[in-house]
Amino acid sequence: MIEIFKKSVGRPKLVKLKKPERGCWIHVTEPIEGDIKALEEMGIDKDILQDALDPNEFPRLEYDDRERFLFILVRVPHEEDGHIKTYPLSVFIKNDFIITLSLKRHVFFNKFLSESVEFFTTQRTRFLIQIFSEVSRVYEIYLKRISKTIKLSLIHISEPTRPLY
């Protein structure tokens, strides 16, 4: 699904748009074929899109001189069926807008969509740093949970065994 938003210092309320315009954020989650075609029409290379949608793709950063955009792929943890897995989140920064593309809905984006985080889509670099800061917080939450589980396991292991009689 493609959603297009804009928020600027001059227009500090997040507005949903029907079509892209300068300074907007194009937020794509759980994309269908039509969404991919729309991104290709915006100048995103088909091969890069395939990489962005590959659930096993490694994180990386690329700059495309020809199309003049920055492509960043990171992995974001999700809990699924009691297991922690990571899924790709791709960010494309073009001259006129920023695009986020992910196979899964990442809960941290709700902070931006509900405007509980102050951000402006027109300030692409700042917005990018804020997105990565939220990704970092997600990792921190999972790492704390894993650390707690390990500590509890170690306590259980180190407890002296009692006779059964």
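The structure is a predicted model, in which local features need pLDDT of at least 70 and side-chain atom pairs count only at pLDDT 80 or more, while totals for chains, interfaces and linings use all residues. Residues are numbered from 1 along each chain as its sequence is written, and side-chain values use heavy atoms, with hydrogens and water left out.

Side chains of opposite charge can pair when their charged atoms come close. With a salt bridge defined as a side-chain nitrogen of Lys or Arg within 4 Å of a carboxyl oxygen of Asp or Glu, the count comes to 16 salt bridges. One of them joins the side chains of E3 and K16, with 3.3 Å from N to O. Because E3 belongs to strand β1 (residues 2–6) and K16 to strand β2 (residues 15–17), this pair ties together parts that are 13 residues apart in sequence. Helices (H or I, at least four residues) and strands (E, at least two) are DSSP runs, numbered from the N terminus. E3 is buried at 12% relative accessibility, whereas K16 is exposed at 53%; buried means under 20% relative accessible area, exposed over 50% and partly exposed in between (1.4 Å probe, protein chains only).

A salt bridge also forms between E21 and K6, whose closest N and O atoms are 3.1 Å apart. E21 is in the loop between β2 and β3 and K6 is in strand β1, so parts that are 15 residues apart in sequence are tied together. E21 is partly exposed, at 32%, and K6 is buried, at 13%.

In a further salt bridge, the side chains of E134 and K111 meet at 2.9 Å, N to O. This pair links distant parts of the chain, with E134 in helix α4 and K111 in helix α3 (residues 109–113), 23 residues apart. E134 has a relative accessibility of 6% and counts as buried, while K111 is partly exposed at 35%. Elsewhere, salt bridges that share partners join D51, E57, R60 and E62 into one network.

A nonpolar patch on the surface is formed by I84, Y139, L143, I146, I150 and L154, which together have about 530 Å² of accessible area. Patches are made of residues with over 30% relative accessible area and no salt bridge, like charges being joined within 9 Å and nonpolar side chains (Val, Leu, Ile, Met, Phe, Trp, Tyr) within 5 Å. Accessible areas come from the Shrake-Rupley method with a 1.4 Å probe, and for residues only the protein chains shown count as cover. Helix α4 (residues 124–158) gives the most to this patch, with 5 residues. I84 lies in strand β6 and is partly exposed, with a relative accessible area of 37%.

Most residues other than glycine have a negative phi, and most peptide bonds are trans. E30, although not a glycine, has a positive phi of about 45°. E30 is placed in the loop between β3 (24–29) and α1 (33–41) and is partly exposed, at 45% relative accessibility. D81 is likewise not a glycine and has a positive phi of about 55°. The loop between β5 (69–80) and β6 (83–93) holds D81, which is exposed, with a relative accessible area of 71%.
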